[in-house]
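This report concerns one protein model. Its sequence and coordinates are shown first.

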Amino acid sequence: AKDVRMMAKAIEYIGEVRSKRRFKVLIEQPMKAQWLMLAPTTTADLVLYTQDELHVIDLKTGMIPVSAVDNDQLLFYAATYGPLAPKAKEVHLHIVQPWADVMEEWAIRADDLKKWMMDARRTELKINAGSTTFSPGDHCQFCPANPHGRGARGAPNCPAMMDLLYPQPVPDYE
């Protein structure tokens, strides 16, 4: 019964956002991140858009609160689905997590999203060149280069994550 009440809260929140305009709607529609060299595929839970407005909504069912602010997963979705709203001056990112009492919206200006995308492109180039200077962590959960990630798999695998998961023993002889 509690899960049904929480889903009702999530649906109510999404209904409020949807009622503002006549949005086109994508529900779990995979899309290629054409803005990256390897163009990995990603799938946002819900995307609402017009020519000049974009909302990316991510439903979370866990009890540990997740914030929409500076959320790399949401920013990745925003960059990937952004071309659907070419005249948007900002992107609205939402975490809908009623189980943790989080219903949060955060907007990022298009210029700031472009800066984030440039940083991501630079990082992709370093990873593809074999750099292991990155620090794997919880933020890697949906990265396509994470061989144990929960998202779509990509290639090549992240060298830093491979070192963490499968360290190569160093011989103790000379």
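The sections below treat the overall fold, a helix pair, a pocket and a salt bridge.

## Basis of the model

The model is predicted: local features need pLDDT of at least 70, side-chain atom pairs count only at pLDDT 80 or more, and totals for chains, interfaces and linings use all residues. Residues are numbered from 1 along each chain as its sequence is written, and side-chain values use heavy atoms, with hydrogens and water left out.

## Overall architecture

Four helices and seven strands make up the secondary structure of the protein; these are DSSP runs numbered from the N terminus, with helices (H or I) of at least four residues and strands (E) of at least two. Along the sequence, their order is α-β-β-β-β-β-α-β-β-α-α. The C-alpha trace spans about 70 × 40 × 25 Å along its principal axes.

## The H2–H3 contact

Helix H2 (residues 72–81) and helix H3 (residues 110–128) have axes that come within 10 Å and cross at roughly 105°. Axes are lines fitted to C-alpha atoms, for helices over the stretch in contact, and angles run from 0 to 180 degrees between N-to-C directions. H2 and H3 are therefore roughly perpendicular to each other, a term for angles of 65 to 115 degrees.

From H2, Asp 72, Leu 75, Phe 76, Ala 78 and Ala 79 meet Leu 113, Trp 116 and Met 117 of H3, where contact means heavy atoms within 4.5 Å. The residues of this contact comprise seven nonpolar, no polar and one charged. Ala, Val, Leu, Ile, Met, Phe, Trp, Tyr, Cys and Pro count as nonpolar, Asp, Glu, Lys and Arg as charged, and the others, Gly among them, as polar.

## The second largest pocket

The second largest pocket is lined by 18 residues, and Ala 79, Gly 82, Pro 83, Leu 113 and Met 117 lie nearest its centre. On a 1 Å grid over the protein atoms alone, a pocket is an open set of points with protein on both sides within 12 Å along at least five of seven lines, where a 1.4 Å probe fits; lining residues have an atom within 4 Å of a point.

Strand S2 (30–32), H2 and H3 each give two or more residues to this lining, and H3 gives the most, with four. The lining divides into 13 nonpolar, three polar and two charged residues.

## Salt bridges

The structure holds six salt bridges, each a side-chain nitrogen of Lys or Arg within 4 Å of a carboxyl oxygen of Asp or Glu. One of them joins Arg 21 and Asp 52 (2.8 Å, N to O). Arg 21 lies in the loop between helix H1 (2–18) and strand S1 (24–27) and Asp 52 in the loop between strand S4 (46–50) and strand S5 (53–59), so the pair ties together parts 31 residues apart in sequence.

How values were computed: Parallel < 35°, antiparallel > 145°, perpendicular 65-115°, else oblique.
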